[in-house]
Amino acid sequence: MSVIHDSEAGDELICIQQFSASPDGEPFSWETSRTFRVGERVRYATFRQNRSLKDNPVCWLVVFDAADGRRYSATQTYFVNEESWQGLKKFFARRVLAEPARRRVHRK
């Protein structure tokens with residue numbers, strides 16, 4: 001599933017990978033960039049293609065508004081919608097709870 005196909009302007013998206021980005025339209029620079037963290041919520045604005053990566057699956061960029069009032073863009077693979085986020089949280093919570101039992105089995 002792609003947040004681009006599943007989202008409308010104003011929808012909330014959740015970051016699933018840490019990344020740094022400068023404000024949209026500015027070249028990347030550590031001086032102007034900020035780091036987005038896993039679980040951070042942003043607002044979907046629109047999408048566009050990164051023409052320099054047009055033959056790469058990460059060429060589709062999500063354009064989004066952050067809590068700092070600025071607009072940024074990043075590859076669509078960094079985001080999920082609320083429904084997918086809840087599913088991921090449940091999956092990893094079950095996995096973490098099951099891991100200690102698996103470790104004990106392997107130690108015997």
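The space in the largest pocket comes to about 170 Å³, where a volume is the space filled by probe spheres set on the points, and grid points are joined across faces, edges and corners. By class, 6 nonpolar, 4 polar and 3 charged residues make up the lining; Ala, Val, Leu, Ile, Met, Phe, Trp, Tyr, Cys and Pro count as nonpolar, Asp, Glu, Lys and Arg as charged, and the others, Gly among them, as polar.

The model is predicted, so that local features need pLDDT of at least 70 and side-chain atom pairs count only at pLDDT 80 or more, whereas totals for chains, interfaces and linings use all residues. Residues are numbered from 1 along each chain as its sequence is written, and side-chain values use heavy atoms, with hydrogens and water left out.

The protein chain contains 2 helices and 7 strands, arranged along the sequence in the pattern α-β-β-β-β-β-β-β-α. The radius of gyration of the chain is 17 Å, well over the 13 Å that the globule rule gives for 108 residues, so the chain is more spread out than a compact globule. This radius is taken over C-alpha atoms, and the rule is 2.2 Å times the number of residues to the power 0.38. Helices (H or I, at least four residues) and strands (E, at least two) are DSSP runs, numbered from the N terminus. Along its principal axes, the C-alpha trace spans about 55 × 30 × 30 Å, and buried residues make up 31% of the 108 residues. Buried means under 20% relative accessible area, exposed over 50%, and partly exposed in between, with a 1.4 Å probe and protein chains only.

Phe-19, found in strand S2, counts as buried at 6% relative accessibility. Leaving aside neighbours within four places in sequence, Phe-19 is in contact (heavy atoms within 4.5 Å) with residues including Arg-34, Thr-35, Phe-64 and Tyr-78.

Glu-40 itself is found in the loop between strand S3 (34-36) and strand S4 (41-49) and counts as buried at 18% relative accessibility. Beyond its neighbours within four places in sequence, Glu-40 is in contact with Leu-13, Ile-14, Cys-15, Arg-34 and Thr-35. Pro-23, in the loop between S2 and S3, is buried, with a relative accessible area of 7%. The C-alpha atoms of Pro-23 and Arg-70 are 47 residues apart along the chain and separated by 6.5 Å.

Methods
On a 1 Å grid over the protein atoms alone, a cavity is a set of points where a 1.4 Å probe fits but cannot get out, and a pocket is an open set with protein on both sides within 12 Å along at least five of seven lines; lining residues have an atom within 4 Å of a point.
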